[in-house]
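Hi,

Here is the structure I promised to pass on. Have a look at it first, and then read my notes below.

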Amino acid sequence: TGSGKDLSYFDDQTQSKFVPHVIEPSAGADRALLAFLCEAYDEDAIPDEHGVEQERVVLRLHPRLAPVKVAVFPLVKKDGQPEIAAEIYRTLMRRWNVFYDEKASIGKRYRRQDESGTPFCVTVDHQTLSDETVTLRDRDTTSQERVRACDLEAIVAERLGL
């Protein structure tokens with residue numbers, strides 16, 4: 001036990017003297033970020049392209065907190081799909097932080113974005129070439145819908161609540 005200004009204590013079990021200490025970060029952004037990340041982290045199972053349930057890690061950040069709002073993918077790296085996807089990417093990045101990816105299978109690209117908390121993914125595919133629609137995928141529900149590419153910015157803004 002200590003007395004006065006001496007804050008050291010004696011541990012009878014270890015027969016040693018020590019000064020108790022706690023490192024406490026300030027109540028700034030660090031704590032809030034940690035709380036948001038802990039609350040958003042989730043694991044679930046969703047079917048793969050063959051219908052087999054696969055474990056998935058997903059960061060369910062609120063769309064306003066997600067650092068990347070939209071990821072844009074061409075389904076394949078040919079037939080003009082990368083060029084259309086790049087144009088969509090350039091349009092959306094004027095307003096939000098957007099990610100572009102054309103590497104690996106589309107399922108792996110979706111999973112990477114799920115893990116990093118991106119709320120929406122846009123895929124340019126063969127149908128885009130014929131009717132100017134794209135697939136918009138929601139991170140949390142994994143639901144996909146066809147939307148007109150020219151309406152994409154307004155749809156994303158509405159779903160982001162902006």
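Arg60 and Asp44 form a salt bridge, with their closest N and O atoms 2.7 Å apart (a salt bridge here is a side-chain nitrogen of Lys or Arg within 4 Å of a carboxyl oxygen of Asp or Glu). Arg60 sits in the loop between β4 and β5 and Asp44 in strand β3, so this contact ties together parts that are 16 residues apart in sequence. Asp44 is buried, at 18% relative accessible area, whereas Arg60 is partly exposed at 25%. (Buried means under 20% relative accessible area, exposed over 50%, and partly exposed in between, using a 1.4 Å probe and protein chains only.)

Before going on: this is a predicted model, where local features need pLDDT of at least 70 and side-chain atom pairs count only at pLDDT 80 or more, while totals for chains, interfaces and linings use all residues. Residues are numbered from 1 along each chain as its sequence is written, and side-chain values use heavy atoms, leaving out hydrogens and water.

Back to Arg60, which also forms a salt bridge with Asp42, the closest N and O atoms being 2.8 Å apart. Asp42 is in strand β3, 18 residues from Arg60, and is partly exposed at 27% relative accessibility. Asp140 forms a salt bridge with Arg60 too, at 3.3 Å between the closest N and O atoms. That one links distant parts of the chain, as Asp140 lies in the loop between β8 and β9, 80 residues from Arg60. Asp140 is partly exposed, with a relative accessible area of 35%. These residues belong to a network of salt bridges that also takes in Arg56, Asp114, Arg137 and Arg139. The total count is 13 salt bridges.

Now the strands (helices, H or I of at least four residues, and strands, E of at least two, are DSSP runs numbered from the N terminus). β3 (residues 41-47) pairs with β4 (residues 53-59) in the antiparallel sense over 7 bridges; pairing needs at least two DSSP bridges between two strands. Pro47 has Glu53 in β4 as its bridge partner. The two strands form a hairpin with 5 residues between them, and Gly51 in the turn has a positive phi of about 85°.

Lastly, helix α3 (residues 106-116) has Arg109, Tyr110, Gln113 and Asp114 buried. They lie on the same side of α3, because they cover an arc of only 140° around the axis (taken from the directions from the helix axis to the C-beta atoms). Just after α3, Gly117 takes a positive phi of about 90°.

Cheers
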